[in-house]
Every structure is written in structure tokens, then in C-alpha cells.
Amino acid sequence: MLCLVFRSIVAEIPDGKRPDPNQDFSRVLKFLQLLVDIPLVVDYSLGMEQMALFDPSPRWTVTTLTRHLRELLEEDDSLQGIWVQGEISNLSRPASGHVYFTLKDAGASLRCVMWRSDAARQRFVPQDGAAVEAHGSISIYEAGGQYQLYADLLRPLGEGTLYQEFLRLKALLEAEGLFDSGRKRPIPELPRRIGIVTSASGAALRDMLNTLRRRLPLAEAVLAPTPVQGDEAPPAIVAAFQALNRVAAPDVILLARGGGSIEDLWAFNDERVVRAVAASTAPVISGVGHETDFTLADFAADLRAPTPTAAAELATPITVLDLKAKLTEIGRVLTSEATAILQRQREASAWLESRLQTFSPARRLQTERQRLDELSRRGSAAQAYRLELAAEKLRGMESRLAALSPLAVLRRGYSVVTKNKVVVSSKAQVADGDALAVRVRDGEFEARVTGNG
Amino acid sequence: MAKIDPKPIEELSYEQAYAELETVVAALESGEQPLETALSLFERGQLLTKHCADLLDKAELKVRQLSGETLQPFEENE
């Protein structure tokens, strides 16, 4: 602390050859002397006047001075929100949950504290000897008289460089339009073939296969095995994408890896991998790491899932249960439609039949016959009677005529004898020698009476 | 009029069978089928429904692995 006090005070002297005595400096020296109760050797080469050792009214108390120093440090923006690089030592985690440690390098050490709330949010668990980058602000713990780093974030050394690279590449690819929402392809609702790009031995694969088995066993999974970390991973992942699209032509591809550190996931930030995801023929669902991990491959994917299991779920929006329910429903519609068709047909034919009955020619015939009978009964009865009457009359006239006709008798061989145009019908009418006329069937001749005596 | 696929139903994939089933139902719903056609559509529909249900019940996820330019069965080592 003393060292710091001196440094910060001396730093306030713009010019070492300044002729005026530095009041603050002298006061601090005096304070320090009182504080430690030892004689101080003052280097007068700085150009100061003799110290006022017996100044009766000290300006500072320990508290006000320390507070002043704290304020000086906290007002200095270059000491706030900084990253400090070093090696962890003296790590301790008391029951309070706060974490205390010292960062050191070859030349110096820095006390650090991380409050419990910040410590709980750390993904990285610090250990003694670890090379880290700590983020925080410099201030003073007044009660202990210690300046220290109030750290809020710890990451392994080098992660910052990686993150910078991540941001640079992200900006580059973003500017290129690789992450545009317009590029995102729709995920098929019912994939037949699901491509999987991941490690053949990882838990991620097992999780995905189990999920697919449970949700859509109808599908086929095609694995393109590839290392998912290390230098060989990016070119292998790119090759897996190309081969999978070319050979298996899947409906959708899952790109997945279980959780890990940012270095473990780094292959998924590789520019080659990101471009392969964007260039894939089949739409890609990424499920890399945990919920909180975002990789550039995630941004390029058509859909980002928080985990491999979630990726397999998103690839199968329709499950076998949905299919069964839909099938039951369509079977029900099928039956009801067929029943309805039969019912309609039955009704239609019943209606037709009734119309047929109404307009049947048989019925008309029946009607006509009935009419005829009716007519016969009414009209023809009178007619027949008249005819009958006439016929009867005729027959009477005929017989009378026939009876009266002389010709009929002559035809039978009879003759009509007349004397002086009078029909002879008695012996007494004639005497011998009288001339008579005899009429027969075809004419008349004369005759003379003899033998009447 | 809906065309009836002459392919034997057992050879249809789930997607094919289901798509045809949908066509069959739509044709029946249109109500424009002669009775005889409607009845044979219905029969076909019933067979398709059963086939689909069988496929769903029996389905087991096929897992294969890309090996060079070919697809090989994938052996899971649990």
C-alpha cells in the first residue's frame, strides 16, 4: 500500500524539478510518519522544502485518506472494467460463497475477490495454477487497506483472443449475408431420412437416436461420423456435409455436439464449417453444446436447437403419436363419408322409385282402362239398347216382308191365276172355256178352263 | 375422379399410402363418384388405413452410417 500511495502521489507531480514544495506529498509523508511512528528518510533531491514535522493539525484520518484513495482509483476509467491476465494462486472459497484469490505473474501479484453472485454465474471453475483472464475493477478494501481487483468474470487464458476472432468472423460472415433470415429454409414436417453429422462415439449421437426412435421410428437416420473437436474436425465436418448430401440426400441434417469449453466447441466457429452449413443442400438444424452456447454454425443453420436432443426434436415436429391420431381421424372420416354416400344413394333411389311409381305407364294403362270401362258403362249401354231395338224392328219388318212377298211363294213353285185381273181362288169363279192368266216365278202365260162342269 | 393406384398396398411406403388415403377421402367428400366407384374407393381407403396403422406400429428407426460413398448398417455400441 505504501508503495501505491507513493506512486499515485508522485504521479501527480508533473515535473520533478518543480520549484514549489508539494504540499500533498509532504502531508502524506508526515501522515505516514505518524502512522508508522518511525523516522522517515526523505529524499530532498526532489526539490522540496523542509518538512513541517510538527504541523499541529493533521489533514487526514486513516479513513478519509483511504476513502480518498479509493475514490481516486474508482474515478480512473482505465482501472474500471478491465481484463487482467495472470496465474491463480491462494484460491479460497469460504462458506460465504465469495471467492478469494491472487493473480500473479513473474513480476507482481494482485489480490482479487469475486462475490458469490458473480461466482455462481461462472462457467469456468478456477483452480490454483490456472492461467486466466479476469475481468473486473480495481478498488480498495478500506478496512484491510488493500487495493484489489473486484472480479466478475474469469475465463481461461486465450479465450479472449478466441472471442475476438469469433466476433471478427461473425461480422464478416454476417456482412456476407450468410446468416440472413431470408436464407433460412423450412424444416420438413415429416422427414423420411435424417442426416446426422456428429461423433460416432459421443453421447450426443445416442441422445439424438433415442429421441428419433421415440418420436419418429418411421424415419431413417444416416450418420456421417466425424471428429467434432481438434484441428482435424473442421475439414472432416465439411466433408461429412458434402458426402451426406451427395450420397444420402437426407431431408434434413442434424449438426450436433455435446457441451464443452469454448475451445472444445471451436470447430463449430470455423469459417469452413459455417460455410458448409450454409451451403448444405438439405436444411440444417444445429444442436451444439448447451443452452447458453452460441456458435457461428448455429447462426448459419436453418434452425438452432439448444442441445442435440432438442435438435432431434425439432427435426421431428410430427411424432408417431400425431400420425396415429391423424390416421384414426381420417379413418373415421372415410367411414362416415362412405356411410353418407350409401345413405344418399338409398334416399335418391327411394325418391326415384316413388317418381317411377307415379309416372309408370302401367298406371296410365290402368287409368285408361278404367276410363274405358266407365265410358262403356255409361255411354255404350244406351247405344246398345238403341241398336238392339232397331235390330229387333228390322228383324220384324224382314219377316213380315218375307211373309207378304208373293214372289217368295212363286219361287217355291206356286202360281197365281187370274181371270180378268181378278185372282181366281174359287171353283165357282170359272166355267169351261174361260181364258185365264197364269203368273209364275219368271213370267205370265195364258190358259183355258176345261173340265169344270 | 380419383385414380386408384394399381400398386399393391403392401408395397406402399407410409407417405405414399397416406397421400393416397387423403386422395381417396377427398374424392369421397366431393360426392361426385358413381356408387360403384365410391364403394371401391372406400374399400381401398380401409385397406390403406390399415396398412398405415401397421407401418406405424411396426416402425423401427433404421440407422445407417455413411462409409465412403455407401451406406452401411450402423452398429451402436451401448
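This is a predicted model: local features need pLDDT of at least 70, side-chain atom pairs count only at pLDDT 80 or more; totals for chains, interfaces and linings use all residues.
Local features here need pLDDT of at least 70, side-chain atom pairs count only at pLDDT 80 or more, and totals for chains, interfaces and linings use all residues. Residues are numbered from 1 along each chain as its sequence is written, and chains are lettered from A and ligands numbered from 1 in the order in which they are written.

**Where the chains meet**

- Two residues are in contact if their C-beta atoms, placed from the backbone, lie within 7 Å.
- Helices (H or I, at least four residues) and strands (E, at least two) are DSSP runs, numbered from the N terminus.
- Strands pair if DSSP finds at least two bridges between them.
- E220(A) has K62(B) as its bridge partner in β1(B).

**Chain B**

- Chain B has two helices and two strands. From the N terminus on, their order is α-α-β-β.
- Of its 78 residues, 26% are buried. Buried means that 20 or more other C-beta atoms lie within 10 Å of the residue's own; exposed means 12 or fewer, and partly exposed is in between, with C-beta atoms placed from the backbone.
- Among contacts in chain B with a separation of 6 or more, 52% join residues 24 or more positions apart.

**Nonpolar cores**

- A nonpolar core is a set of buried Ala, Val, Leu, Ile, Met, Phe, Trp, Tyr and Cys residues joined through C-beta atoms within 7 Å.
- The largest core has 72 residues, and those touching the most other members include V197(A), I237(A), L254(A) and L28(B).
- Domain 3 (178-318) and domain 4 (322-359) of chain A both give residues to this core, so it lies between them. The domain bounds come from an automatic or database domain assignment.
- Beyond its neighbours within four places in sequence, V197(A) contacts residues including A224(A), I237(A), F241(A) and L254(A).
- A second, separate core has eleven residues, among them V99(A), L103(A), V132(A) and L149(A).

**An open sheet in chain A**

- Four strands of chain A form an open, antiparallel sheet in the order β12-β11-β13-β14.
- β12 (422-423) and β14 stand at the edges with a single partner strand each, so one side of each has no neighbour in the sheet.
- Three bridges join β11 (residues 416-419) to β13 of chain A. Here V417(A) stands opposite V438(A).
- β13 (residues 435-440) and β14 of chain A are joined by six bridges. The two strands form a hairpin with two residues between them. L436(A) stands opposite A447(A).
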